[in-house]
Amino acid sequence: MRINVFAVFLLIALIEPSLFGAIPTNPPGQGTELPASKFYSNFDTSACHYRADEFEFISETSLKLVWTSTCDYVHPFQGHVTSKFGKRRRRMHYGTDIDLETGDKVQVAFEGIVRYAKYNKSYGNLVVVRHPNGLETYYAHLSAIEVKSGDYLQAGDVVGLGGNTGHSFGSHLHFEARFLGMPIDPVLLIDFDKMTLRYTDIILKKRKDRLVVENAARFHQVQAGEDIHSIARMYNVSVSDVSRLNHISPEDPILIDSRIRYQ
Ligand SMILES: [Zn+2]
């Protein structure tokens, strides 16, 4: 179910202005009704990326990803990953691409409020949702947007239909996760094969141009096709550090599902 919180707020204010003293004049984001206002100084519906002030991010931030049950997370689209986060030719690719057909329904991963819902030159039709823990998730290249700024969404609500708009070659969903505007490799949060979250509680740490994700134990569960080099790349740490922490050599094979300490 979707409820536009702005509309509800305005309606109540119009029916019973004495409850509010006056119709609120605060711009969105400065009220207490919006998610994660302790982290964010505004709720900008016109710029897709939040621009954080330098002092806004503390070097480590703990977040809860799941509150009550596994229903807190819904995989945005059940398709294969076609492109990962990382350097692509000369540009950085700040998301995970999932294959889909134009018209397929795309679902929001967590509950939250739609911050941005419109066309953008590179993202095409883009929906950005801010979640109660401060994460923001992006759903790009949509053929149709089915929500608007201010809409409250529960995990699994449809944000739009998959497509090929903006800077895109072939229908796919470009899924992005950010915190205070800084990108996070979605693979660190989500197991795209199992379509589930990796952790219930995470620590975000700033590392160069991005945030990396840790669970308390600082271990990575090995997936098929991974080796020490790919794991080191994923967490932006050196191969020699990973080798040393696990008492293995960089070329040693590692077993699927084994746990590799990366920090
Ligand atoms: Zn992409």
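Which residue in β13 is the bridge partner of Q107? The bridge partner of Q107 in β13 is V158.

## Basis of the model

This is a predicted model, in which local features need pLDDT of at least 70, side-chain atom pairs count only at pLDDT 80 or more, and totals for chains, interfaces and linings use all residues. Residues are numbered from 1 along each chain as its sequence is written, and side-chain values use heavy atoms, with hydrogens and water left out.

## Zinc site

H93 (NE2), D97 (OD) and H174 (ND1) coordinate the zinc ion at 2.0 to 2.1 Å. Donors are N, O and S atoms within 2.8 Å of the metal (3.2 Å for Na, K and Ca); water is not among the atoms, so sites may look incomplete. The spacing of the donor residues in sequence is H-x3-D-x76-H.

H93 is buried, at a relative accessible area of 5%, and D97 is buried with a relative accessible area of 5%. Buried means under 20% relative accessible area (1.4 Å probe, protein chains only).

## Open sheet

Strands are DSSP runs (E, at least two residues), numbered from the N terminus, and two of them pair if DSSP finds at least two bridges between them. An open antiparallel sheet of 3 strands has the order β7-β13-β11. β7 (105-107) and β11 (144-145) are at the edges with a single partner strand each, so one side of each lacks a neighbour in the sheet. Between β7 and β13 (residues 158-161) there are 3 antiparallel bridges.

β8 (residues 112-120) is joined to β9 by 7 bridges, running antiparallel, and by a hairpin of 3 residues. K118 has L126 of β9 as its bridge partner. In β9 (residues 124-130), 7 of the 7 residues are buried, so the strand is largely enclosed by the rest of the structure.

β9 also pairs with β10 (residues 135-142), antiparallel over 5 bridges; here N125 has L142 as its bridge partner.

Definitions and conventions: Buried < 20%, exposed > 50% of the residue type's maximum accessible area, 1.4 Å probe, protein only. Helix = DSSP H or I, 4+ residues; strand = E, 2+ residues; numbered from the N terminus.
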